[in-house]
Amino acid sequence: MTGTVGTGTALLEVDQVAKSYGALDVLTAVDLTVPTGQALGIVGPNGAGKSTLLSVINGTEKASAGTVRFGGRDVTAVGPADRARAGMGRTFQIPRPFTHLTVFENALAGAEFGAGLHGHAADLRALEALEMADMLDVANTPAGTLPLLKRKRLELARALATDPQLLLLDEIAGGLTEAECDSLIATIRSLHREGITIIWIEHVVKALLAVVERLVCLASGVIVADGAPDEVMRSDEVRKVYLGGGM
Ligand SMILES: Nc1ncnc2c1ncn2[C@@H]1O[C@H](COP(=O)(O)OP(=O)(O)O)[C@@H](O)[C@H]1O
Ligand SMILES: [Mg+2]
């Protein structure tokens, strides 16, 4: 199943990507084409390979086979720092802030190391990222003391500080109250409206469905459904996956 949704040019093309760790095949022949500007959701049980797929896309992990193209360029052999500079930003399922630094300093690190900016340009980019993530009010707070929603938003700000064309989100909505989740949804929707292409892995399906226009289900390293979100959620493939394993 390749990209059948969307009419824009492809920003990301994942072609026959596989990833194994020794004898463990985590991803098998994954094809995924994401047009510029699309918001794509990914669901699937624990251990399906969702985070690994994001890692192979942003270069944190190398694909065992297949190719990854970004903006028409083959980046399969390109490392994560260069992919970040090419326009990929990512949040991690387990947040990795510099806890002893302030929120602003964390965003600045994203702007400097992720986007390759320096001095005033880096400062401006960090502030812009904090504004987009609704974090300006806590800019001078040490990252280690933030409550959960703000920790999630910091993870988002750090990814935005790299000035991404493609934003990869890994389970950013888990553990939030309903109201907190709604506020995060509003933020991600506004990023989508600004034209950022988004791939969002999320167990909080309600949050996904409020934003994405396309949904993919990954199970045991294989894409088993790909299409309009409501149709994918109602599909036999997805029912089978969740009846079999739970989320
Ligand atoms: N670095 C690694 N070494 C060995 N196995 C790994 C590694 N990373 C992930 N895995 C395994 O790959 C499978 C998929 O993991 P993951 O991509 O984190 O799934 P998901 O995000 O869908 O829950 C799991 O069985 C996990 O244990
Ligand atoms: Mg995961």
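**View 1. Gly22 takes a positive phi near 60° in the hairpin of β1 and β2, which has two residues between the strands.** The model is predicted, so local features need pLDDT of at least 70 and side-chain atom pairs count only at pLDDT 80 or more, while totals for chains, interfaces and linings use all residues. Residues are numbered from 1 along each chain as its sequence is written, and side-chain values use heavy atoms, without hydrogens and water. Strands β1 (residues 10–21) and β2 (residues 24–35) run antiparallel and are joined by eight bridges; strands pair if DSSP finds at least two bridges between them. Leu12 has Val34 as its bridge partner in β2. Helices (H or I, at least four residues) and strands (E, at least two) are DSSP runs, numbered from the N terminus.

**View 2. Ser51 (OG) and Gln93 (OE1) coordinate the magnesium ion (ligand 2) at 2.1 to 2.3 Å.** Ser51 belongs to helix α1 (residues 50–58) and Gln93 to the loop between β6 (88–90) and α3 (103–114), so the pair ties together parts 42 residues apart in sequence. Donors are N, O and S atoms within 2.8 Å of the metal (3.2 Å for Na, K and Ca); water is not among the atoms, so sites may look incomplete.

**View 3. The side chains of Asp170 and Arg90 meet in a salt bridge (3.7 Å, N to O).** A salt bridge is a side-chain nitrogen of Lys or Arg within 4 Å of a carboxyl oxygen of Asp or Glu. The rule finds one salt bridge across the interface of domain 1 and domain 2. The domain assignment, automatic or from a database, gives domain 1 (1–87 + 168–174 + 181–247) and domain 2 (90–163).

How values were computed:
Chains are lettered from A and ligands numbered from 1 in the order in which they are written.
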